[in-house]
Amino acid sequence: MKTEVAIIGAGPAGLLLGHLLRAEGIECVILERASADYVLGRIRAGVLERTTTDLMHRLGIDERLKKEGLLEEGFCLADGERLIRIDTLALTGKHVTVYGQTEVTRDLMGAAPERGLDIVYEAEDVTLHDVDSDAPYVTYAKDGRTHRIDARFIAGCDGYHGASRRAVPASAGRSFERVHPFGWLGILADVPPCHDELIYANHANGFALASMRSKTRSRYYIDVPLTERVEDWPDERLWDELALRLGPEAAARITRGPAIEKSIAPLRSFVFEPMRHGSLFLAGDAAHIVPPTGAKGLNLAASDVAYLSDALIGFFRRGCNEGIGDYSAKALARVWKCERFSWALTKLMHRFPDDGPFERRMQVAELDYIASSPAAQTAIAENYVGIPL
Ligand code: RFL
Ligand code: PHB
């Protein structure tokens, strides 16, 4: 089989890219290792920047997002005692939208057949070949046979553990990485949220986040050492800890309920440079990971894909090579700024094992400064709603 762009991975990056290319009549096929149900079963991001909702709008796949997404005008930082509100709408003129990654994925998958976007699920042993050349190809196994797809370009949208990044020769790329010494234990429950805006809390016991998926479904997190297991945290223990860490105001409004999902996600900061090698492009988690503090992961995947689709549309529709050449530098400039923000917010809101009383005083002083300074609040707000493309 022959196509113009072979896309590896049907997460948000691959699905968005596929739709943006199909909207311009560019041929593409998505190869996904997992089943559609498995992809939809992953509970991940919850907060969408305007850049991401604008892409869904441009595609005309935002009917449910407009109806069910919750527009958030601000969020809170908590320091164990008080809530410090960051009024993102007043400070930047922009909202973020609470709408789960699962729902974004469901909408993009649902619209694929009518838009001629082919997705091959359960494609095993996806292998990239000749990415240095102008005629790369991908092989994969399905239904007991090996298949081959020839393409002009390959888009590696297969996440941190995917095959695409590994197809770049070691001498041609460089990784920057920090693995953080804790994970986020998340609980999803069908109970109303304790607050109508998100709360990121730094308490003596550690970090907590109160988030939501809708007015009747809540998502909460605490940080835990990587040695802990989900079984160590029966629901009641987790609700008690959340109530303590989020502070008295939020605790008074927490509704407890049984977990629909509970899992621990490790925290990592990671960037791979460059994001293009020959005919292979990397986008989303395949090229970079941010810790979830600040909600940038899915949104970065969307901004990469906005740049990449422009580059590919320029190439196929106008014969222009410029976007292809610029993609990596353009995407990385935004990636590093978002890495910085996610890292700074992680440092501010978590207790690191090596931190002593000095580092603690630094956190208290910074939170105090943020509480009193519109300039500091604006700097946080403009990063939170998403820096411009
Ligand atoms: P994905 O979503 O990992 O999709 C990659 C897809 O590729 C498939 N794949 C392969 N397919 C074929 N062959 C192979 N060899 C393959 N290897 C893998 C996988 O099955 C998968 O379907 O990457 P993508 O598209 O780049 O999207 C990135 C986002 O999923 C990720 O950044 C966010 O979920 C991060 N994130 C958050 N981001 C936000 O913007 N806002 C948030 O509020 C937010 N909260 C979170 C998060 C991530 C979390 N976890 C679990 C890491 C909260 C959590 C807890
Ligand atoms: C979520 O709702 O899952 C969520 C929200 C904000 C974050 C991370 C995760 O920073």
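Domain bounds come from an automatic or database domain assignment. This is a predicted model, in which local features need pLDDT of at least 70, side-chain atom pairs count only at pLDDT 80 or more, and totals for chains, interfaces and linings use all residues. Residues are numbered from 1 along each chain as its sequence is written, and side-chain values use heavy atoms, with hydrogens and water left out.

**View 1. The two domains of the chain.** Domain 1 covers 5-46 + 98-177 + 268-346, and domain 2 covers 179-267 + 350-380. Their C-alpha centres are 30 Å apart.

**View 2. The interface of domain 1 and domain 2.** In contact (heavy atoms within 4.5 Å) are 17 residues of domain 1 and 18 residues of domain 2. Buried area is the accessible area (1.4 Å probe) that two parts lose on being put together, summed over both. Here it is about 1,400 Å², and carbon and sulfur atoms give 67% of it. On the side of domain 1, Ile 43, Arg 268 and Thr 346 lose the most area to domain 2, together 37% of what that side buries.

**View 3. Residue Gln 363.** Gln 363 belongs to helix α11, residues 357-372 (helices are DSSP runs of H or I, at least four residues, numbered from the N terminus). Gln 363 counts as buried because its relative accessibility is 5% (buried means under 20% relative accessible area, with a 1.4 Å probe and protein chains only). A polar atom of the Gln 363 side chain lies 3.3 Å from the backbone oxygen of Leu 348. Not counting residues up to four places away in sequence, Gln 363 touches Asn 202, Lys 347, Leu 348, Met 349, His 350 and Arg 351.

Terms used:
Chains are lettered from A and ligands numbered from 1 in the order in which they are written. Helices (H or I, at least four residues) and strands (E, at least two) are DSSP runs, numbered from the N terminus. Buried means under 20% relative accessible area, exposed over 50%, partly exposed in between (1.4 Å probe, protein chains only). A polar contact is a pair of N or O atoms within 3.5 Å; within protein, one must be able to donate a hydrogen and the other to accept it, and residues adjacent in sequence count only if both atoms are side-chain atoms.
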